[in-house]
Structure formats: structure tokens, C-alpha cells
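User: I have a new model open and want to learn how to read it feature by feature. Please walk me through it.

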Amino acid sequence: MMSSAQIEIQLIASLVAIACAIPGTFLVLRKMAMISDAISHSILPGIVVGFFITQDLNSPLLILLAALTGVITVVLVEYIQKTGLVKEDTAIGLVFPVLFSIGVLMIAKKANDVHLDIDAVLVGELALAPFDRLLISGADVGPKSLWIIGGILIITIVLLIAFFKELKLSTFDKGLAASLGFSPAIIHYGLMSVSSITTVGAFDAVGAILVVALMIAPAATAYLLTKDLKKMLMLSIVFGVFSAISGYWLAHKLDGSIAGSITTMLGVLFLIVYLFAPSKGIIAVLYREKQQRTEVSLLTFLLHLKNHDEERERHVNHLNEHINWQKVRSKTVLELALKNNMILIENNIVSLTPKGDEFTTQAIDYIITNEDAQIEDMKDDFFLFRG
């Protein structure tokens, strides 16, 4: 039987995962994954300045100023990048350490006696989230983190629904978005603002490291499985929530860090998909490359038969003796050609069938004309082993 604290921890982790997966999907598609890491660190000065103004760690002003610092980070990175002197990754590496260091110095100088701990901000501790309660008129309504991240998630979902078309257009075709009257710049900075606010909202519960992991890893995993934006969003959310819950129970079993366990599960999930994804996975890619090499070998063999009438050149042993193929490769090519009815073998002499002759004639024509469309038609017509 789970305790209320266990339920609350898993609920908070799941809401953070969903809230991070939505902007994270667009960051991955826009090739801006590392900007989330920059934002997660550089918003520290905004939090500190907000505390100096309000003297209250729970003030909404902290979130607003941190979000503003996140947007400033993006503006500075883009400004440095547009000079053409350095690339985006270098610009990120220049901006966020400076802003983060400013925040650290401000804490060390002005807030040493305040519970604004650097390690807690970076690492976070979900196990402590249920103890920080929200009281309304003396009534306990649950953990503060749950309400904060829940509110941010609702705002994020509303904005996603309201601006989905604009986000999609500006992500895949900025020129078309601008011609249709959408401002890619406004959408871009809106996305950065949501990313910043989400990061700040999740800080107290999970820390910056897990926020970055939940923002990028589920989206990157989903990207390997689909090219459809809506499906990618849904898969990102599913992967994030799965990792959050399974990571919690892994930490429970190992008596270890919840944030570390969730991040580990995100890594394991990505590795599994990276290896076994049907189209983009490493194993699928290696299999396709092997098939393509076999296709080339088949084409080479058939062209050889087309160009030689003498029996000596068409003997099955010729593959090993004269073309210098290994026995395994020779057997594979022969079996493939036979399977597709492209050759006949009588008394160890190989001959082209009408289908094999037609294929070879078209292949020669393709080689001469190099018409891409023609080779695609040939693959559909002749390479039956693809399916």
C-alpha cells in the first residue's frame, strides 16, 4: 500500500515530465536542445534578484524574473551567434556560465543566511517536496510544488492548443509562417518564456539537472520513432511519465536519488529506442546497409551474366574464383537471385530469366541516364526481398 507522500512524489514527477515534454519537443525539433541547459542554469540571477526584492522564496515574482532571465539568455546567445564570429554551442557556453556565476556570487555575498542552496537548485530532491505544504485559511491543500507545476502545466497546455498551428509552422518553415502573418520571433520568444517558466517551476521539486533531462530525453526518444508532430508530443509525454514513475520505484528499491534514478531511466529508454527503433534505430540502419550492399552485389552479378555468354564465366564457382567473393556472400547473392526468379541454374551454369534480363536491361539504362525516379520504380518492381 502506497503512502500519500509516495503518491504525491510520483504525481509531482509526472506533472513535471508532462510540463517539460511539451516545450522540449519543439526545442528538439528546432535543434535547440542545449538552450534548455543554458536556461536552467542562467535563471539563477533572476531567482536571487526576485528574492532580494520580495524577501520571500515563494513569491511569484521569482518565477517571472527567472523567466525573464531565461529570455535574456536566449537573446544574448542569438546576438553573439549572429555576429558570425562563433557558433551557437560556443555562444551558449559563453553566456550561461557567466549568468550562473553571477547568481552564485550574489548568493554568496548577499544571501548566505538564506535557504537558497546551490546544490538543491541543481540536483533537487523530490523526496522533500511533499513536506512543503500549501495552506489556504489553515487548510492543507497539498504540496506547493504540485500546485505550482500543475498551474504551469495548465497554462502550457492552453498555449499549446491556442498556438499549435503557429508553433508548427514557425518550427518547420519560418518563411511560410512569416508570409502567412505569423511572427516567428514572437513565437520563438514565447516558447523560450514557457521553457523558462517551466524550468523555474520545477526547480524546487526536481532541480535543474532533471528538468533538462525531462525536457530533452523524452522528445529525443520520440523523435526516433515518428515524424508526426502530434504523435511526437504524445510519445514524449508517455516516455516522460513512464521514466518518472519507474525512476521513482528504482530509487525506492535502491534507496538512492530519485532525480538520478529518473534520469537513468530516461537514458535507458533512449538507448533501447536508439538501438531498436524500426526505421532510425542502429540495428535497423545496419540491417538496411547490409541489404543495400547485397542489392549492389546482386546488380553486379546480374550485369556480369548479361555481359558474358561463355559458360566458364557463368559457372557458380566463378563467383568465388574470378569475382573474388567469399562463399557466404556468393551463396547469399545466388539465393537472392533465385528467390526473386532472376536466374536459373542448370548443371552449375547460371542463366538470366526473362525477369532477370528485363531488370538488368533497366539497370543498365539507369546507369546510363542516372534518372532517380527510374531506380525507385525498379526497387518497387524487382527488389521483392525488401519487404
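User: Where is the place of N341?

Analyst: First, the ground rules. This is a predicted model, with residues numbered from 1 along each chain as its sequence is written. Local features need pLDDT of at least 70, side-chain atom pairs count only at pLDDT 80 or more, totals for chains, interfaces and linings use all residues, and side-chain values use heavy atoms, with hydrogens and water left out. Helices (H or I, at least four residues) and strands (E, at least two) are DSSP runs, numbered from the N terminus. N341 sits in the loop between α15 (327-339) and β3 (343-346). Its phi is near 55°, a positive value in a residue other than glycine.

User: Where does S137 lie, and is S137 buried or exposed?

Analyst: Start with the cut-offs. Buried means under 20% relative accessible area, exposed over 50%, and partly exposed in between (1.4 Å probe, protein chains only). S137 lies in the loop between β1 (133-136) and β2 (139-143). S137 has a relative accessible area of 80%, so it counts as exposed. S137 is not a glycine, yet its phi is positive, near 55°.

User: Now the whole chain. How many helices and strands does the protein chain have?

Analyst: There are 17 helices and four strands. Of the 387 residues in the chain, 47% are buried. The chain exposes about 20,400 Å², and carbon and sulfur atoms supply 64% of that. Those areas come from the Shrake-Rupley method with a 1.4 Å probe; for residues, only the protein chains shown count as cover.

User: What share of the contacts joins residues 24 or more positions apart?

Analyst: Contact means heavy atoms within 4.5 Å. Take the contacts with a separation of 6 or more: residues 24 or more positions apart account for 65% of them.

User: How do I read one helix? Which residues in α16 are buried?

Analyst: The general idea comes first. An α-helix has 3.6 residues a turn, so residues three or four places apart point the same way. In α16, the buried residues are G356, F359, T360, A363 and Y366. They cover an arc of only 120° around the axis, so they lie on the same side of α16. That arc is taken from the directions from the helix axis to the C-beta atoms. P354 and I368 are exposed on the other side of α16.

User: What should the 16 residues of α16 span?

Analyst: The expected span is 1.5 Å times one less than the number of residues. For α16 (residues 354-369) that gives 22 Å, and the end C-alpha atoms are 22 Å apart, which agrees. A363 and L303 are 60 residues apart in sequence, but their C-alpha atoms are 8.4 Å apart in space.

User: How do I read a pair of helices? At what angle do α8 and α11 pack?

Analyst: Two packed helices are described by the angle between their axes and the distance between the axes. Axes are lines fitted to C-alpha atoms, for helices over the stretch in contact, and angles run from 0 to 180 degrees between N-to-C directions. Helix α8 (residues 164-172) and helix α11 (residues 229-254) pack at about 105°, with axes 12 Å apart. Angles under 35 degrees count as roughly parallel, over 145 as roughly antiparallel, 65 to 115 as roughly perpendicular and the rest as oblique. So α8 and α11 are roughly perpendicular to each other. F164, K168 and F172 in α8 meet L229, K230 and L233 in α11.

User: How far apart are the axes of α12 and α13?

Analyst: Helix α12 (residues 258-276) and α13 have axes 3 Å apart and pack at an angle of about 15°. They are therefore roughly parallel to each other. Y274, L275 and F276 in α12 meet I282, I283 and A284 in α13.

User: Last, single residues. Which residues is H188 in contact with, leaving aside neighbours within four places in sequence?

Analyst: H188 is in contact with R30, M32, V74 and E78. H188 belongs to helix α10 (residues 184-223). Its relative accessible area is 9%, so H188 is buried.

User: Where is H308?

Analyst: H308 is in the loop between α13 (282-307) and α14 (318-321). At 23% relative accessibility, H308 counts as partly exposed. Not counting residues up to four places away in sequence, H308 touches E313 and R314. E311 is found in the loop between α13 and α14. At 53% relative accessibility, E311 counts as exposed.
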